[in-house]
There are 2 protein chains.
Amino acid sequence: MEPIRNFAQLTEHLKKQNRRQRIVVVCANDSHTEYAVSRALEEGFAELIMVGDSSVTDRFATLKKYPQYVKTVHIEDPDEAAREAVRIVREGGADILMKGLINTDNLLHAILDKEKGILPKGKILTHLAVMEIPSYHKLLFFSDAAVIPRPTLQQRIEMIWYAICTCRHFGIEQPRVSLIHFTEKVSAKFPNSLDYVNIVELAEAGEFGNVIIDGPLDVRTSCEQASGDIKGIASPINGQADVLIFPNIESGNTFYKSVSLFAKAEMAGILQGPVCPVVVTSRSDSGLSKYNSIAMACLQAASCECEKKK
Amino acid sequence: MEPIRNFAQLTEHLKKQNRRQRIVVVCANDSHTEYAVSRALEEGFAELIMVGDSSVTDRFATLKKYPQYVKTVHIEDPDEAAREAVRIVREGGADILMKGLINTDNLLHAILDKEKGILPKGKILTHLAVMEIPSYHKLLFFSDAAVIPRPTLQQRIEMIWYAICTCRHFGIEQPRVSLIHFTEKVSAKFPNSLDYVNIVELAEAGEFGNVIIDGPLDVRTSCEQASGDIKGIASPINGQADVLIFPNIESGNTFYKSVSLFAKAEMAGILQGPVCPVVVTSRSDSGLSKYNSIAMACLQAASCECEKKK
């Protein structure tokens, strides 16, 4: 498959697949969520299970154009709605979980519940986002802008695994993964830089399959060849990064917020780790970002389905 | 004075002042440094003391257009050149120190020397940068992208002081200073957010003069009013930040590298703390960035001179 290089191509790809993923949506009480799920329905790659109060269920019950693709579950209390949505996923009734107007912590509480939750034992929960930046020539994935404050070595390795798998679903044969730091120097003062040495060794030993992993590198050297040339840095990333792994949540979040604002980037993001992709966009994200996130989750869910069938 | 809103206005402002600041430049062995100092000379707000090997001193000695404004000091060894430049500053022979093609650590070594250096006892060394971002309506200052990895409360307060003083030199009467975090929540898990509570209290008590300081805020809420509105955050910054204070060096550096690359921002930066501004742009910065940094340092040096005279 040709690599998907922007969000328009992602929608095209999903439409061609001609398959609908089942999305259970908790408390779709805001206009951005309504726009996003309605568009995914119209584009033909989603069906909906709307869990929420009567304002939600009434509104979506009247979406008569596609009655066969919209179910509603009427529950007034948001926390109870979250638990019900998680139950539906756990019992195989949905492929994707999506947050509407409910506090993220409350939904996470239901997801992480040891008995009734959907995070398999030993799995970590992490956020993976992707941006379409007008001044970059392809999609740029990055992690973690939202969940893990100070990743351990093991968590960094898991984050990389998730990112690589997602790149493959986007048709990127040999993803280039850059391990971000503020300098190219390795130093015991910055334990993440020591982790990076370990990870690069694992990658060179073939642990991650057909990928290029390098670091520590800064954002500029990762994404612009001229920077590396001037500094005399010969990295196999060569200014062509597909994935940026950030050292901590502050730097990941700064990247997400500043590039989306100042470089007019469009974005999508999902939580990885649970049995299905989870869409937890933030309140300030646009309807389009929420729609892109659903599309990313649908690609992920469809691909995992194929992998399971193999 | 009207606020300076972009780098072109900064040059105009300096030309109108009709005063030259004395810049001592260590090892101007690269074309970007040569462009930057030559332009500052031509624009009429700098005179030069070039310290370096014969390739530097010969080249600049032939700058015959302004012989009265160019001195050369021939020293072959870069470390010795750094020490000589620092000595010239310490003895009052220059207003600004600038790094050419010499390792930053080696220059810092000379600056920080306890007996022969130029950092007064009790002062901290920190980096302050400023960007002209095409998609933002004014200059945006930020600290620290390059020097202090994990600022203490006292260091954060000093960083804010430096930024406020610089804003005043740029004609900003009431600077808006945003204390950056990945969320608006204060939590003991993130000591920087507790520091921020302290700093906001100090600001409200009038400690920093006529400023607006708020945080924790993320980059987007700091610089875009709509983000705060959607999230229901009523901050006095109101999406109009002049200054971003980053929690750690990774986030500051990510901001610097990603906004300069993806949002095509122009930038300038200086080291604060020593007896005079120090220009230490990085190898991958453009000639224009180095020139802007000189201009920023000249504004700073001229303003400090006025303050001393009062």
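How many salt bridges does the rule find across the interface of chain B and chain A? Hold that thought for a moment. One caution before the answer: what you see here is a predicted model.

Now the answer. The rule finds 4 salt bridges across that interface. Take one pair. Asp105(A) and Lys185(B) join their side chains in a salt bridge, at 3.8 Å from N to O.

Next, the interface as a whole. On the chain B side, 39 residues touch chain A, and 39 residues of chain A are in contact with them. Together the two chains bury about 3400 Å². Of that area, 67% lies on carbon and sulfur atoms. Which residues of chain B lose the most area to chain A? They are Phe182(B), Arg220(B) and Phe262(B). Those three together make up 21% of what the chain B side buries.

On to symmetry. Turn chain B by 180°, with a shift of 0.0 Å along the axis, and chain B lies on chain A with an RMSD of 0.0 Å. The two copies are therefore related as by a two-fold rotation axis. Both copies use the same surface: 100% of the contact residues of chain B recur in chain A.

Last, the cavities. The count is 4 cavities of 30 Å³ or more. The largest cavity holds about 50 Å³ of space. Its lining is Leu14(A), Gln17(A), Arg19(A), Gln21(A), Phe45(A), Cys298(A) and Ala302(A). Two elements of chain A give two or more residues each to that lining: α1 (7–17) and α11 (287–309). By class, the lining of the largest cavity has 4 nonpolar residues, 2 polar and 1 charged.

Terms used: Residues numbered from 1 in each chain as written. Chains lettered and ligands numbered in written order. Predicted model: local features only at pLDDT ≥ 70, side-chain atom pairs only at ≥ 80, totals over all residues. Heavy atoms only, no water. Least-squares fit on C-alpha atoms with pLDDT ≥ 70 in both. Contact = heavy atoms within 4.5 Å. 1 Å grid on protein atoms, 1.4 Å probe; cavity = no way out; pocket = protein on both sides within 12 Å on 5 of 7 lines; lining within 4 Å. Points joined across faces, edges and corners; volume = space filled by probe spheres on them. Helix = DSSP H or I, 4+ residues; strand = E, 2+ residues; numbered from the N terminus. Nonpolar A, V, L, I, M, F, W, Y, C, P; charged D, E, K, R; others polar. Buried area = accessible area lost by both parts, 1.4 Å probe.
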